[in-house]
Amino acid sequence: MHRSIPTALLFILLTGCSQTETEQVPVPISFNAGYSLLVDVTTRAPIYDIDQMEPIQILRSDGTANYSGHTAPDLTGTVAADGTVTPSVPQYYDQGGDQANFLAFYPAARSIQGGIANFKITGQEDVTAAQNVYGGSYSSPATVTLAFRHLLAQIRILVSAQNNSAASSWGPITYIKIQAATSMDMNLNAWPVLNPASDPENEYLPTSIGDNASQTITTTYASAGSLMILSTDYPVQLKVKTANKTEQTVTTSLWYLNYANVYTIRLYFKNNSIEVQ
């Protein structure tokens, strides 16, 4: 006996087949990271290998890039030595066709509000950022390449004494400090640049030897630490304290520092003075 399929059942079967045939498959987004070629490898500051930046902070904005509504990163990423980034949360393209946009920075910002990321520094961290990058779309996927740039300058301090008598007169170095803005802002909707915050929270930051060191001065130049700061619109001043003398102020001719560069200050200790060489 011939049996016919009820019309309602046939409609359900056909509809199910149609949905299966047109179902969109999520397309994952791939990431990698590197240093911008604009940064000279011989002059960049403390982070020398891309995988030292962990975790990087990543923001996403689909369609027309605008990060003004963000108050936190959308995800973080770990970076391998070859630059491959593993996102903390897998990313997929919007199936409606909007392009994916991303920007990233390191380290974590103290706050993100109104399109501004605020960073608080101690002088011992590098701040780097990758500008907004178009990451493709569902129909045209692309690897998101984050090109990081150094946003601070590094100052290195070398010290030496004129003779043994001068070295003995001063005694070991307790600290060397530089005044700098410690609160700085980065506009997330512009080329990544750091600027002092409205309240820059200026402080005297010690070099990497700390603020309670006991570093002997010899007649041969040796490192007395380094630190990372933003450019200043006034000459860099040092506060120098040794075991045998009160704090001294040393003014240099160094100012308008360029980001991603290293500057060396040589302090030459005489019996009763400190010269900048």
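Predicted model: local features only at pLDDT ≥ 70, side-chain atom pairs only at ≥ 80, totals over all residues.
Residues are numbered from 1 along each chain as its sequence is written, and side-chain values use heavy atoms, leaving out hydrogens and water.

**Aromatic pairs**

- Searching the whole structure turns up four aromatic pairs (Phe, Tyr or six-membered Trp rings with centres within 6.5 Å; planes under 30 degrees apart are stacked, over 60 edge-to-face, the rest tilted).
- One of them is F31 with F102, which counts as edge-to-face because the ring centres are 5.0 Å apart and the planes sit at 80 degrees.
- F31 is in strand β1 (residues 31-35) and F102 in strand β5 (residues 100-106), so this pair ties together parts that are 71 residues apart in sequence (strands are DSSP E runs of at least two residues, numbered from the N terminus).
- Both F31 and F102 are buried (under 20% relative accessible area; exposed is over 50%, partly exposed in between, with a 1.4 Å probe and protein chains only).
- W255 and Y256 make a tilted pair, 4.9 Å centre to centre with 40 degrees between the planes.
- W255 is partly exposed at 38% relative accessibility, while Y256 counts as exposed at 52%.

**Charges over rings**

- K177 lies over the face of Y175, 4.4 Å from the ring centre (the cut-off is Lys NZ or Arg CZ within 6 Å of the ring centre and within 35 degrees of the ring normal).
- K245 has its charged end over the ring of W170, at 4.2 Å from the centre.

**Surface patch**

- W191, V193 and Y259 form a nonpolar surface patch with about 300 Å² of accessible area together.
- W191 sits in the loop between β12 (183-187) and β13 (194-196), and its 43% relative accessibility makes it partly exposed.

- The Y106 to P107 peptide bond is cis, with omega near 0 degrees; P107 is in the loop between β5 and β6 (111-113).
- E201 isn't a glycine, yet it has a positive phi of about 50 degrees. You'll find E201 in the loop between β13 and β14 (203-206), partly exposed with a relative accessible area of 25%.
- A260, also not a glycine, has a positive phi of about 70 degrees. A260 is in the loop between β17 (248-251) and β18 (262-269), and is buried with a relative accessible area of 6%.

Note on methods. Patch = residues over 30% accessible without salt bridge, like charges linked within 9 Å, V, L, I, M, F, W, Y side chains within 5 Å. Areas by Shrake-Rupley, 256 points an atom, 1.4 Å probe, with all protein chains shown as cover. Salt bridge = Lys/Arg side-chain N within 4 Å of Asp/Glu carboxyl O. Helix = DSSP H or I, 4+ residues; strand = E, 2+ residues; numbered from the N terminus.
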